[in-house]
Amino acid sequence: MTVITGALVVTGAALLSILFSGYVPFFNNNIYHLPILRADYDLPAFADDTFVQSLRHFSSGFWMVFAGSATLVPPKLFLLGAFLLSRMLMMAAALHLAASFGYRGLRFSVLYLALLAATPLMRGYAPGGGGLDIDYFSHSELANATLLLSLSLAIRGGVAASLLLACITFFLNAFMAVWLAPVLIAVMLTRLAEGEIRLKTLAVRGSIGAVAGLPFVLPVVAAILHARDDAPSGYSYAAYLRGFFPFHFFLDSLSAGELAAIGLLALAGLFAALSLGKGGRPLAAAVLAAILLLAVGSALPLVTENRMILNLHFIRSAVLIQLLAVLGMAMIAAGLATDGRASAPRTVGLLLTALLILGKPGLPAALLVLAYLGWFRHRRPLALLDRPAAPKIAGYLALLAAAYAVPSALIPGLRDMQARIAISDRWERIGAWVARETPSRSLLLLPVGTERPATGADPAAQALAYDVTGFFATAGRPVWTNYKFGATPMWSPSTHAVWRERYDAVRALKDGPERLAYAARHGISHVITFCNPAITAAPIHRDGELCIYEVTKAGDS
């Protein structure tokens, strides 16, 4: 397969993957990224804004590099380009990893990447909240690609390049690089034990890679050390995490179903390694290291409240187990399905393909297939699998699985994406109006999720109260509080008191008149909420179900 052909396959797979995952321009954690791209913290209007000022210390090198880039590239275009690049790099990294296990060729690559694009096991979030193929751009999902490339290079014995990629991963997302460290150590020790690399070579090349990676590590370390000086005061950091976002940090916050999924995926990763024989030892080492990492990380919150340790998001590291398991299963399925030598391997590969297309419902059966491959690969295959018609029947089963699973994912997925894009666009449009029509030092109160549309309004409008990210792309005005502002104590602990007080107070407000009265007491100049006839003042602007009220004109309404 030529480089051009490979690039075309990767691009096609990335686009297919986006068709399944969808894409929303401004969503969720982009609420942190947009003020950085706009460098809002340098504007006088944000001088006293604790949320925006805290973003100076947001410790991802990616956003450090592109801070202020909105003056050159519109954020919507920038995030779309970054999203496309991130997904293409993810597919390229997956292909590189498969080649490290000896899987190559055009037919294999097409089926393998198509499987990764289509399987529900690669979409959304792993148990613990680690992102896989999600529907907006985030630096953490870009770090998935550099993490896999680092692992793949370690398997090949490219120690210097592997450590350089690990440093780049640290630059993108420091705690993901910490997760990667024990995995790389386990793989390199395996290669050392197998005689694939000598200790002296490992030390010399490792030193070269580490030194080359220092420029990527030092800026992030500096940002983290600055946050260390801003220690939590007057509150329990662990209690704060439990109240704000527990499933990234505490194993007992996960449901029984999520815990079972982690167990099944861990077994799938180990069974996939077993089915590869001796060649699967690096995969087994990586999966075992990821399991140990999760086990140790689950215990640490029981013995420490240290912010730097808890901020490593160990429960979220379950995404490593899922990535390794799904990529391992996909490469085995595609490798066997494109094997033209015998009926039994193709039959098993196509059956595994069908199960991966089904996603979680097919996972228990996929374990049985992998167990069969692992324990019986050197024995005579089952007669049923070795019949000439068996691959054709398995192929029909894979097509049936696709005929069921693909529309089941695409139709509601596209409908949901359309709804969320409409919400993003609405807030972007409102933000643009605010930027044009309000003074630069205006302070706004936005919905925090507890607001309800007026009686008779479209119930679907309620979703407008939950994600206001699009507003931050265009408004250029400070916002009083938001649920997502609650993450700032992770990198700027002193912001906790302001967020907690404001957010709790706003959530307790019952209706529009109470919001305006609260705003008047706290120097908030404008309130954006659902239009409500109980508010006697006329809105200065209306966009569908949302109205903007100027507090000074609202008086005591």
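**The largest pocket**

Guide: The largest pocket has a volume of about 1000 Å³. A pocket here is an open set of points on a 1 Å grid over the protein atoms alone, where a 1.4 Å probe fits and protein lies on both sides within 12 Å along at least five of seven lines. Grid points are joined across faces, edges and corners, and the volume is the space filled by probe spheres set on them.

This is a predicted model; local features need pLDDT of at least 70, side-chain atom pairs count only at pLDDT 80 or more, and totals for chains, interfaces and linings use all residues. Residues are numbered from 1 along each chain as its sequence is written, and side-chain values use heavy atoms, without hydrogens or water.

The lining of the largest pocket comprises 44 residues, each with an atom within 4 Å of a point. Nearest the centre lie Phe175, His313, Arg316, Met490 and Trp491. Helices that give two or more residues to this lining include H2 (30–37), H7 (139–155), H8 (159–172) and H9 (174–193). Helix H10 (199–229) is also listed, and H10 gives the most, with five residues. Helices (H or I, at least four residues) and strands (E, at least two) are DSSP runs, numbered from the N terminus.

By type, the lining has 24 nonpolar, 16 polar and four charged residues. Nonpolar covers Ala, Val, Leu, Ile, Met, Phe, Trp, Tyr, Cys and Pro; charged covers Asp, Glu, Lys and Arg; the others, Gly among them, are polar.

Now the strands. Five of the five residues of S2 (526–530) are buried, so this strand is largely enclosed by the rest of the structure. Buried means under 20% relative accessible area, with a 1.4 Å probe and protein chains only. S2 pairs with S1 (444–445) in the parallel sense over two bridges; strands pair if DSSP finds at least two bridges between them. Leu444 has His526 as its bridge partner in S2. S2 also pairs with S4 (546–550), in the antiparallel sense over five bridges. There, Val527 stands opposite Tyr549 of S4.

Last, confidence. pLDDT is the predictor's confidence in each residue, from 0 to 100. The chain averages 92, and 96% of its residues reach 70 or more. Residues 553–557 stay under 50. Their model has eight contacts beyond four places in sequence, a contact being heavy atoms within 4.5 Å. Where pLDDT is low, the predicted coordinates should not be read in detail.

Technical notes
Buried means under 20% relative accessible area, exposed over 50%, partly exposed in between (1.4 Å probe, protein chains only).
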